[in-house]
Amino acid sequence: MSAFLDKVVGKVLKVTPKSKGTPKPQQPTQGTGKPKWWHPGYVDNLTDSQILLGVKQSPKGLSTLGSATRDQALSAGKAWAGKGSEAILDKATGEMIGYKSKDGMRAFRLQFKPKEGMFRANFQENIMIRTESNYYDYSKTWAPKQIRNVHIDILD
């Protein structure tokens, strides 16, 4: 997986005019040090466009792309959820914590992760699958299944 992310991050960084090729992996410069999911392809200070491209090119399953500011993650999250997206509100506080797409297949959330002691942006993508338990009931034969769950560490 690390080789794949190195390849993805390299592609992402080459499209950004400010970058000069693939930077050498480095430890996060802010926050509490290396996050739990740090890997050699981890990139610090991603821009919103780098986040979007990296998330779209990430493999199925759980992965961590790198770190970014809260503003960059929010901007990428709104674009990830797409046009007509709705805000996701924290039920306890009423605070906006993310966005969900109009069709419910994509979601973005900012969440505090107590084990890591930091906030992380979560980009989730689902697909609809046919379930065996409801196979013959056509009103209930489809269910969402998570295929992509990409995290970005928030270090500000």
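Arginine 106 is partly exposed, with a relative accessible area of 24%; here buried means under 20%, exposed over 50% and partly exposed in between, using a 1.4 Å probe and protein chains only. The model is a predicted one, in which local features need pLDDT of at least 70 and side-chain atom pairs count only at pLDDT 80 or more, while totals for chains, interfaces and linings use all residues. Residues are numbered from 1 along each chain as its sequence is written, and side-chain values use heavy atoms, leaving out hydrogens and water.

Now to the charged pairs. A salt bridge is a side-chain nitrogen of Lys or Arg within 4 Å of a carboxyl oxygen of Asp or Glu, and by this rule there are four salt bridges. Here are some of them:

| Pair | N to O distance |
|---|---|
| Lysine 100 and glutamate 86 | 4.0 Å |
| Arginine 106 and glutamate 125 | 3.4 Å |
| Glutamate 125 and arginine 148 | 2.5 Å |

The pair of glutamate 125 in strand 5 and arginine 148 in strand 6 (residues 142-154) links distant parts of the chain, 23 residues apart. Strands are DSSP runs of E with at least two residues, and helices are runs of H or I with at least four, both numbered from the N terminus. Arg106, Glu125 and Arg148 are linked in a network of salt bridges.
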